[in-house]
Amino acid sequence: MYRFFAAFGFLLAFAGAAHWVVPASRHAFALVSAQDDASRLAELQLAGVLTPERTAVEIDAALAEDDGELAASFIELADARGVAVTAERRARVALANAPGASLARGAGSFGHGFLTGQGEDLAGLAGATMGDLTVWGDVRDLGREAANWARGEPVDQFMVNLAGIGIVATGATYAAFGAPLTFRAGISVLKGARRAGVVGGRFAGNITAALRGGAKAQLAALVGDLGTAGSKAGTRATFAGLRHVDDAAGAARLSVLAQAKGGKTLAIFKTLGRGALFLTEALAKLAFWVMAGVLNLFGLIASFNSMMVAMLRPMWKKKKPRRRLFLPA
């Protein structure tokens, strides 16, 4: 009977492990299946991560830094996922985002950013981006880079290219009565992101290569995606996403996420980082959990088979024939 009890013990062990192995394997497989859908991928990766405790910490940290926009984004994300937020925190976030709450403090920075294109804080970057939406921003940036060239200082060729494209786009906007506004907004987002230091060298190189190679359709699609992301999720969220974008495909993912999540996008990037757009450790997790699932299934079958064999073995065990004693007559 010891074989039966040993097999039964293994069966219980593998059955107990299945409680963790099967859900984890299914989750990893779902992540890989959603790798081409940024919205679905972010939704899956938020599961189990955005707890009430995590949400409270993020909101409090944002409010402590006077970042009402990020705090409001976490409120919106929490409401969408059914995560409880206290009324006291909601009131504090509403107060932080009340009209005029930070107007006086940011007015000077906004004006400075609009005029010079340089911004050291959110208000300054907002002013610079607002200037970019008009031809003034492009003329301003070209003039600044020309002054750098005249003084023998480094010239940002990337900004020069964007400013030139912006002037052309502005003319096309007026000629077409506002048709290419998304493209114009995308140029503004790119310039603002460059100033904020969130455009990586690889992404800038890809855009420059597209300009030199005459890939106008690809460039237009990329810039249009950024303009759409900015209009749906806001400039801050688009900047946060651009930190993880290297090419046109990444910009398209960012646009899809922004259109699906809107104001929640900023909080999603704060929570997931690059994982909001791309698979990170999910592939390694999939390999591990699939292997664990296969081993668990094999263990269940093997231990059940061994238990049944041990239980039924006595039934087919052959009895040894008895020897007959032949006595001499």
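Biologist: Which is Ile 167, buried or partly exposed?
Modeller: Ile 167 counts as partly exposed, because its relative accessibility is 32%. Buried means under 20% relative accessible area, exposed means over 50%, and partly exposed is in between, with a 1.4 Å probe and protein chains only.

Biologist: What should I know about the model before going on?
Modeller: This is a predicted model, in which local features need pLDDT of at least 70 and side-chain atom pairs count only at pLDDT 80 or more, while totals for chains, interfaces and linings use all residues. Residues are numbered from 1 along each chain as its sequence is written, and side-chain values use heavy atoms, with hydrogens and water left out.

Biologist: Where is Ile 167 placed?
Modeller: Ile 167 is in helix α9, residues 157–175. Helices (H or I, at least four residues) and strands (E, at least two) are DSSP runs, numbered from the N terminus.

Biologist: Which residues make the nonpolar surface patch?
Modeller: Val 135, Val 139, Leu 142 and Ile 167 make a nonpolar patch of about 260 Å². Patches are made of residues with over 30% relative accessible area and no salt bridge; like charges are joined within 9 Å, and nonpolar side chains (Val, Leu, Ile, Met, Phe, Trp, Tyr) within 5 Å. Helix α8, residues 135–150, gives the most to the patch, with 3 residues.

Biologist: Which residues does the salt-bridge network join?
Modeller: Salt bridges that share partners join Asp 138, Arg 140, Asp 141, Arg 144 and Lys 191 into one network.

Biologist: How many salt bridges does the structure hold?
Modeller: The structure holds 18. One of them joins the side chains of Glu 43 and Arg 81, at 2.6 Å, N to O. Glu 43 is in helix α2 (residues 38–46) and Arg 81 is in the loop between α4 (68–80) and α5 (87–96), 38 residues apart. Glu 43 is partly exposed, with a relative accessible area of 29%, and Arg 81 is partly exposed at 27%.

Biologist: Change of topic. What does Glu 58 touch?
Modeller: Glu 58 touches Phe 74 and Lys 270, not counting residues up to four places away in sequence. Contact means heavy atoms within 4.5 Å. Glu 58 lies in helix α3, residues 52–64, and is buried, with a relative accessible area of 8%.

Biologist: What joins the side chains of Glu 58 and Lys 270?
Modeller: A polar contact of 3.0 Å joins them. A polar contact is a pair of N or O atoms within 3.5 Å; within protein, one must be able to donate a hydrogen and the other to accept it, and residues adjacent in sequence count only if both atoms are side-chain atoms.

Biologist: How many residues are in the largest nonpolar core?
Modeller: The largest nonpolar core has 51 residues, and Ile 59, Leu 190, Phe 203, Leu 226 and Leu 242 have the most contacts inside it. A nonpolar core is a set of buried Ala, Val, Leu, Ile, Met, Phe, Trp, Tyr and Cys residues joined through side-chain atoms within 4.5 Å.

Biologist: Last one. How many helices and strands are there in the chain?
Modeller: The chain has 16 helices and 0 strands. Buried residues make up 40% of its 329 residues.

Methods:
Accessible areas come from the Shrake-Rupley method with a 1.4 Å probe; for residues, only the protein chains shown count as cover. A salt bridge is a side-chain nitrogen of Lys or Arg within 4 Å of a carboxyl oxygen of Asp or Glu.
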